[in-house]
Amino acid sequence: MVRYILKRLVISIITIWLLATVTFFLLRTLPGNPFQTEKLLTVEMQERMMSYYGLDRPLMEQYFTYMKNLLQGNFGYSLKYTNRTVNSIIKSTFPVSAELGLRSLAVALPIGLALGVASARKRGKIIDYICVVIAVIGVSIPSFIMGTFLQYIFAIKLKLLPVSQWKTAAHTILPTVALALSLMATLTRVMRASMLEVTMQDYIKTARAKGLGEGRITWSHQVRNAMIPILTMLGPMVASVLMGTFVIEKIFAIPGLGQHFVNSITGLDYTMTMGLTVFYGIFLVTANFIVDILYGLVDPRIRLAK
Amino acid sequence: MSRKILEIKDLHFSFDTYAGEVQAVRGISLYLNKGETLAIVGESGCGKSVTVQTVMKLVPTPPGRLKSGKIIYCGEDITHYSQKEMQKLRGSEMSMIFQDPMTSLNPTMRIGRQITEGILKHENISPDKAKQRAIEMLAKVGIANPEKGFKRYPHQFSGGMRQRVMIAIALVCNPNVLFADEPTTALDVTTQAQILELINELKQELETSVVIITHDLGVVARTAERVAVMYAGKIVETGLSRDIFYKPKHPYTSGLLESMPSAGQVEKTLTSIKGTPPDLFAPPKGCSFAPRCKYCMNICTQTDPDEVQLENGHKVSCWLMNPQAEKRELPGRKSRLSTQKPLKEGI
Ligand SMILES: Nc1ncnc2c1ncn2[C@@H]1O[C@H](COP(=O)(O)OP(=O)(O)OP(=O)(O)O)[C@@H](O)[C@H]1O
Ligand SMILES: [Mg+2]
């Protein structure tokens, strides 16, 4: 087990290094410079800014400086937010995104899985159709439409909840629901397919031949096996959800991390993009590692193969 | 001195598919005596599995549909039993083991629990007692160190061992009837022999009646007192194993016997039956074997033959049995089968 964890750690570090390197050079191939977009700056001032941030040095030198800082966990200064480090921006916005993400997952996971199980069990019956319709709506309606729709109904028409912003618990409800709906839809769809797949397996016939009831078969034989594909998608899903969602954050004016992913690229904020990418990378690798451990708990074949 | 424990009368079973009705079973009648082993043989797709799974109501309906026929178990008509009623019979009165031991055990559940859950379903005993029973059963099917085996997962066993576990699951509640659907097809030859031996032993010990499905006549010779030969959803010939082996009356049976290798056979090449079984979407008029039959006559493609009764309950559906047909000597088994166990006398 220790060996396995060490091996995973080495692979993770290499992955992150590759990710950082590729992102670093790709960013520099984008046309323009970070200060071009600010119309007030003359060309001469832009050049002074470039040299202030060390961006006029040879590329390889910049790369090594960046890597040295990265090793110390230092993402550097943002090129757009004057005098703020990337670390401090992540520190202040990530908790907001993570909270929204966790709330949505807490809603979406149990409901999504339950609907998936229910619709697979009642395949072709009314419950199945209702679940499938919910899943299709959740998957196909973009969250900016869902978000504005929720705002219109619950905030503007019914005046039950605040329209936007992130202050009290009441503020969190609408964005949580908007985000949870799309997650739930995906989970329902995958769980339903996975349950149906398991239903076709021989061991379900064995269970039936033992005389077990249908409820018993679902709970003790199907659900656990059907969870395996769900776990596979859970790693990337949790990572991406906790990192924040640009659209939801925009609609509900939430000071989260998601907006920075988009803004930093359009603004050519090199350090910010780099910092976010590496942060996301570390997060994703960790999430997948946890999923692999969970895998072992669910599926004994994987546990013992290690 | 035997009693029928199970009887199937004129069973018709179809699948409704998008492409049309698949007539998987087209009028099957057979019975199983208490304590005997009946073998059902026939090519792939002739409806063997569907027949036995219909008895246990394990075929999902729809797409399956029981069209007509009767299933009688211990004198009780169970044809129209509900799933709830069947659950009481499955495992405790009749059990089934399947072809592929690699997929018929739940990969994420310990062996022990897969055995005890059946006991706990049918008998009112404590989990500890059930565990005791399961361990005894594992020992009985030849799992070395059964306490340890109890806690293991299926992937930690080899194919043969898993099939032993399947047998333990099937027999732990001491059912009257065991359906073994090609229990050795997925195993290597040595393991096959051991598993058949085990089934034979446990059958004696627990006084179980067995229906064994196979397309391997060697398996029949090792296990069964009686044989039913199936072709395209029908039984074409049935009788005592020795009658079927040495005096086959149906050209299909004879063909199966000819395509079977025998010990000491060196120079003769193996013969096979030419052609493929008919499409069950639209079974042909007349005898369904006619297109492949060496002895096919005009009448064969026109009308289905009636069943003819011979001695010892030997029955055959073939126009060659008709008094007006030319007499033919069909080749059967010449040599004694090397693996053959002594066949019991009479029914
Ligand atoms: N779910 C289903 N839907 C449609 N047709 C089916 C279904 N299950 C079985 N059949 C058809 O029923 C026929 C009999 O199938 P069955 O499984 O009983 O054959 P078998 O004799 O057991 O063959 P094998 O030796 O391959 O196990 C086949 O032609 C098959 O195509
Ligand atoms: Mg079969």
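User: Which residues of α7(B) are buried?
Analyst: Keep in mind that this is a predicted model. A residue goes on the buried list if its relative accessible area is under 20%. In α7(B), the residues that pass are B:Thr191, B:Gln192, B:Ile195, B:Leu196, B:Leu198, B:Ile199, B:Asn200, B:Leu202, B:Lys203 and B:Leu206.

User: Why would B:Ile195, B:Leu198 and B:Leu202 point the same way?
Analyst: Start with the helix itself. An α-helix has 3.6 residues a turn, so residues three or four places apart point the same way. The three you picked are among the buried residues of this helix, and they are B:Ile195, B:Leu198 and B:Leu202.

User: What covers the buried residues of α7(B)?
Analyst: Look for whatever has heavy atoms within 4.5 Å of them. The cover comes from chain B and includes both strands and helices. Among the strands are β3 (37-41), β6 (94-97) and β8 (209-214), and among the helices are α4 (127-140), α6 (159-171) and α8.

User: How far does α7(B) reach from its first C-alpha to its last?
Analyst: This helix runs over residues 189-206, which gives 18 residues. At 1.5 Å a residue, the expected reach is 26 Å. The model comes out close to that, at 26 Å.

User: Which residue caps the N-terminal end of α7(B)?
Analyst: Check for a side chain that reaches a backbone nitrogen at that end. The backbone nitrogen of B:Thr190 has a side-chain oxygen 3.2 Å away. That oxygen belongs to B:Asp188.

User: And which residue follows α7(B), with a positive phi?
Analyst: Now hop to what comes after the helix. The phi there is near 55 degrees. The residue is B:Glu207.

User: Which residues come nearest to ligand 1?
Analyst: Ligand 1 has 13 residues around it.

User: How much of the accessible area of ligand 1 does the protein cover?
Analyst: On its own, ligand 1 has 630 Å² of accessible area. The part of this that the protein covers is 66%.

User: Which element gives the largest share of the shell around ligand 1?
Analyst: Two elements of chain B, β1 (4-17) and α1 (48-55), each supply at least two residues of the shell. By class, that shell has five nonpolar, five polar and three charged residues. The largest share is three residues, and they come from α1(B).

User: Is B:Glu182 buried or exposed?
Analyst: B:Glu182 sits in the loop between β7 and α7 of chain B. Its phi is positive, about 45 degrees, although it is not a glycine. Its relative accessibility is 7%, and the cut-off is under 20%, so B:Glu182 counts as buried.

User: What is the relative accessible area of B:Asn174?
Analyst: B:Asn174 is in the loop between α6 and β7 (177-181) of chain B. Although it is not a glycine, B:Asn174 has a positive phi of about 55 degrees. It is partly exposed, and its relative accessible area is 41%.

User: Which residue's backbone oxygen lies 2.7 Å from a polar side-chain atom of B:Thr223?
Analyst: B:Thr223 is part of helix α8 (residues 217-223) of chain B. At 2% relative accessibility, B:Thr223 is buried. The backbone oxygen in question belongs to B:Val219.

User: What is omega for the cis peptide bond between B:Pro62 and B:Pro63?
Analyst: B:Pro62 lies in the loop between α1 and β4 (64-73) of chain B. A cis peptide bond joins B:Thr61 to B:Pro62, with omega about -15 degrees. For the cis bond joining B:Pro62 and B:Pro63, omega is about 5 degrees.

User: Leaving aside neighbours within four places in sequence, which residues does A:Ile134 contact?
Analyst: A:Ile134 lies in helix α5 (residues 126-140) of chain A, and it is partly exposed at 31%. A:Leu115 is 19 residues away along the chain, yet their C-alpha atoms are separated by 9.5 Å. The contacts are A:Leu115, A:Met184 and A:Ala185.

Notes
Residues numbered from 1 in each chain as written. Chains lettered and ligands numbered in written order. Predicted model: local features only at pLDDT ≥ 70, side-chain atom pairs only at ≥ 80, totals over all residues. Heavy atoms only, no water. Near = heavy atom within 4 Å. Areas by Shrake-Rupley, 256 points an atom, 1.4 Å probe, with all protein chains shown as cover. Helix = DSSP H or I, 4+ residues; strand = E, 2+ residues; numbered from the N terminus. Nonpolar A, V, L, I, M, F, W, Y, C, P; charged D, E, K, R; others polar. Buried < 20%, exposed > 50% of the residue type's maximum accessible area, 1.4 Å probe, protein only. Polar contact = N/O pair within 3.5 Å; in protein donor to acceptor, adjacent residues only side chain to side chain. Expected span 1.5 Å × (residues − 1).
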